[in-house]
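Please read the numbered points alongside the sequence and the coordinates.

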Amino acid sequence: MITKFTVENFKSFDSSAELNLVSSSKIRVKPDHRIAVTKNIKVLKNAVIYGANASGKSNLIDAVSFFVDVVYNGLPIDPSRLYCRNKDGNENRDSVFEIQIEIEGKFYAYGFSTILNERKITGEWLYQLNLSGNGTCIFEREMEKKPKLGKGIDLSVEEKGRFDTYSSDFENNTTSLFLSEMNRGKKLSNGFDAFNTIYKAITDGIVIITPHSKFLNFQQYHNMDSLPDITNLIKTFDTGVSDIRIKEIDENELKRMLPTQVLKSINEKLVRFRKDFPSLPAKISGRADKAFFCVEMNLSGGINAKTIKMTHGNSMCDFCFDEESDGTIRLFDLIDILLKKSDDTVFFVDELERSLHPKMTEHFLQLFNELHFKEKVQLVFTTHESMIMDQDIFRRDEIWFVERDNDNNSTLYPLDRFKERYDKKLSKAYLEGRYGAVPVFKKFAYEEE
């Protein structure tokens with residue numbers, strides 16, 4: 001589970017911004033909204049982030065997305081415009097990204113720094129954190145120097161020799177991360193468990209859904225056995241959909257459904273999966289715009305494609321995905337969140353309420369907490385929907401705000417810093433400006449000639 005994410009000098013975030021998901025010991029309500037990862041530490045399952053338009057909410061989700069993408073792919077070709085350009089000198093200043101995460105009772109801090117304007121990694125580190133507040137360095141690197149193993153790491157002579165070989169080969173590499181390199185076909189023994197554990201927690205355990213995602217990968221549609229659960233869930237939202245089924249399509253129809261760039265991206269992901277896991281068929285499901293697809297590359301390299309069809313009520317006709325309302329399509333974006341049963345998964349969603357009725361949003365959040373009761377699954381999302389702010393849905397330490405200052409720099413802060421009565425109507429106080437993070441409008445008048 002993620003306990004903390006920190007970003008600095010990225011887009012609208014000039015100073016360090018910290019999203020802390022460790023629960024407050026002072027708040028007693030909704031104890032089921034947190035998971036005890038140790039005897040004394042409990043981690044929140046939800047974080048809802050409010051703010052005015054252009055306050056920086058989406059930039060926080062973008063920071064997480066950038067962090068994951070660099071771990072998976074290395075620095076993008078041209079990241080030069082991603083540093084915070086609100087202040088002179090930031091182009092030559094480090095942008096910093098760090099995640100603190102709990103995995104099977106152990107706590108880690110992993111991060112890197114980069115000068116985006118120069119497309120250069122300037123530092124990288126991985127620590128195991130102790131409950132006393134100290135940390136044990138697993139590895140760290142600076143600039144072009146080769147990565148160094150932490151002094152407290154217990155490795156065999158053979159393992160230390162292998163590390164020295166890998167780190168020497170990586171010297172002068174300033175566009176990719178050593179953590180990623182250690183997970184590219186290296187033979188890692190038990191002494192290197194942390195490298196693999198952290199890499200998988202970031203690349204597999206963090207799922208990001210934004211309105212601008214090129215396509216969304218849905219795990220649940222890989223398995224036909226999930227269709228009854230998906231149908232029953234959709235029915236609870238009163239969308240009119242009474243049944244969902246999978247229909248096979250040929251490659252020509254798939255090409256008509258999807259843009260060329262999306263098809264290219266799908267093929268690249270399938271080929272990469274086949275390379276990493278040659279004995280397994282590669283599958284990917286998702287949507288692009290209003291087209292839904294399931295694509296599988298079998299062991300011989302052949303492509304099988306499918307889409308979904310819907311039935312409404314007692315109608316004998318099938319409805320295509322692109323005939324559904326924006327709200328129904330949005331539910332298909334989010335349904336994977338409700339059905340995914342893998343622990344240690346964190347969903348970051350930008351504009352969760354997009355195209356949804358307020359009562360649908362509320363129903364979705366209630367289902368999330370019911371279906372993932374006592375599971376280590378987290379949901380972090382941005383929203384403008386103030387109705388869900390009240391304390392009968394969330395704890396105070398689950399609510400956050402983003403506000404921009406006069407220099408257009410974003411600040412992230414929790415509701416918990418305000419000392420409010422538990423019976424206070426939070427949504428009303430928020431819209432009245434009690435906590436900031438709301439639009440401040442100016443007067444406008446036509447100038448008469």
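1. Burial is classed by relative accessible area: buried means under 20%, exposed over 50%, and partly exposed in between, with a 1.4 Å probe and protein chains only. By that criterion Ser24 is buried, its relative accessible area being 12%.

2. The structure is a predicted model, in which local features need pLDDT of at least 70 and side-chain atom pairs count only at pLDDT 80 or more, whereas totals for chains, interfaces and linings use all residues. Residues are numbered from 1 along each chain as its sequence is written, and side-chain values use heavy atoms, with hydrogens and water left out.

3. Ser24 is located in the loop between β2 and β3 (34-36); helices (H or I, at least four residues) and strands (E, at least two) are DSSP runs numbered from the N terminus. The side chain of Ser24 reaches the backbone nitrogen of Lys26 at 3.2 Å. Leaving aside residues up to four places away in sequence, Ser24 touches Arg34, Arg395, Asp397 and Asp416, where contact means heavy atoms within 4.5 Å.

4. Side chains of opposite charge can pair when their charged atoms come close.

5. Because Glu18 belongs to strand β2 (residues 17-20) and Lys4 to strand β1 (residues 2-8), the pair ties together parts that are 14 residues apart in sequence. Glu18 is partly exposed, at a relative accessible area of 36%.

6. Asp62 and Lys11 also meet through their side chains in a salt bridge, at 2.9 Å from N to O. Asp62 sits in helix α1 (residues 57-73) and Lys11 in the loop between β1 and β2, so this pair links parts 51 residues apart in sequence. Asp62 is partly exposed at 26% relative accessibility, and Lys11 is partly exposed at 27%.

7. Arg354 forms a salt bridge with Glu351, with the closest N and O atoms 2.9 Å apart. Arg354 is partly exposed at a relative accessible area of 37%, and Glu351 is partly exposed at 25%. Elsewhere, salt bridges that share partners join Glu8, Asp14, Lys87 and Arg93 into one network.

Conventions: A salt bridge is a side-chain nitrogen of Lys or Arg within 4 Å of a carboxyl oxygen of Asp or Glu. A polar contact is a pair of N or O atoms within 3.5 Å; within protein, one must be able to donate a hydrogen and the other to accept it, and residues adjacent in sequence count only if both atoms are side-chain atoms.
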